[in-house]
Amino acid sequence: RQGAHIGLFANLFSNHYFGTCKGALIMEVEEPERPFRHNLEVKFEDEKSADIVYRVLVVDEELRPDRIRRFMKQEADMLRVSFEATEIKFLRVAISSFLQNMSIVVETLSSFSE
């Protein structure tokens, strides 16, 4: 497991909550293991379509980032998506949801291009 160090500077917060505490409180936050992974590559008709789909979907964050992570990258007419999950069921749900959302975006694109 990888740990992440997060510095919480008490002097940035209100004295109401911390009094006159000085210095920093360092907490070790355990990064959960995400052994379940899957990569998708989706080829589009052209770079413009891939860019539109990418820009629509990249803003949607995963609801449980502590359990599932998604990385997206657009390269020319290709959309590359990687998923990492703590459990296989979260991976399945995230991929299914992503594909459903992508399907809606592609259908909308095709209806406007006609």
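Q: What makes strands E4 and E5 a pair?
A: Two strands pair if DSSP finds at least two bridges between them. Eight bridges join E4 to E5 (residues 78-85), and the strands run antiparallel. With eight bridges against a requirement of at least two, the two strands therefore count as paired. This is a predicted model, in which local features need pLDDT of at least 70, side-chain atom pairs count only at pLDDT 80 or more, and totals for chains, interfaces and linings use all residues.

Q: Which residues are bridge partners in E5?
A: Met78 in E5 is the bridge partner of Glu75, and Phe83 in E5 is that of Arg70.

Q: What lies between E4 and E5 in the hairpin?
A: Two residues lie between the strands. Ala76 is in this loop, and its phi is near 55°, a positive value in a residue other than glycine.

Q: Why is Ala76 called partly exposed?
A: Buried means under 20% relative accessible area, exposed over 50%, and partly exposed in between (1.4 Å probe, protein chains only). Ala76 has a relative accessible area of 41%, so it is partly exposed.

Q: What makes Ile68 a buried residue?
A: Ile68 has a relative accessible area of 6%, so it is buried. Ile68 is found in strand E4 (residues 68-75). Its contacts (heavy atoms within 4.5 Å), leaving aside neighbours within four places in sequence, are with Arg34, Glu62, Phe83, Glu84, Ala85, Phe90, Leu91 and Ala94.

Q: Why is Glu84 called buried?
A: Glu84 is buried because its relative accessible area is 16%. Glu84 is found in strand E5, where six of the eight residues are buried.

Q: How do you know that the side chains of Glu84 and Arg37 are joined?
A: A polar contact is a pair of N or O atoms within 3.5 Å; within protein, one must be able to donate a hydrogen and the other to accept it, and residues adjacent in sequence count only if both atoms are side-chain atoms. The side chains of Glu84 and Arg37 are joined by a polar contact of 2.8 Å. Arg37 also stands opposite Glu84 in E5.

Q: How do you know the order of the strands in the open sheet?
A: The order is E3-E5-E4, with antiparallel pairing. E3 and E4 each have a single partner strand, so they stand at the edges, with one side of each left without a neighbour in the sheet. The twist averages 15° from one strand to the next, and such angles run from 0 to 180 degrees between N-to-C directions, with axes as lines fitted to C-alpha atoms, for helices over the stretch in contact. E3 and E5 pair over eight bridges, and Lys43 has Met78 as its bridge partner in E5.

Q: How do you know that the span of helix H3 agrees with its number of residues?
A: The expected span is 1.5 Å times one less than the number of residues. H3 (residues 88-113) has 26 residues and should span 38 Å; its end C-alpha atoms are 37 Å apart, so the two values agree.

Q: What do the buried residues of H3 pack against?
A: They pack against strand E3 (36-43), helix H2 (47-57), E4 and E5. These buried residues are Phe90, Leu91, Ala94, Ile95, Phe98, Met102 and Val105. H2 itself lies across E4 and E5, running at about 155° to E4.

Note on methods. Residues numbered from 1 in each chain as written. Heavy atoms only, no water. Helix = DSSP H or I, 4+ residues; strand = E, 2+ residues; numbered from the N terminus.
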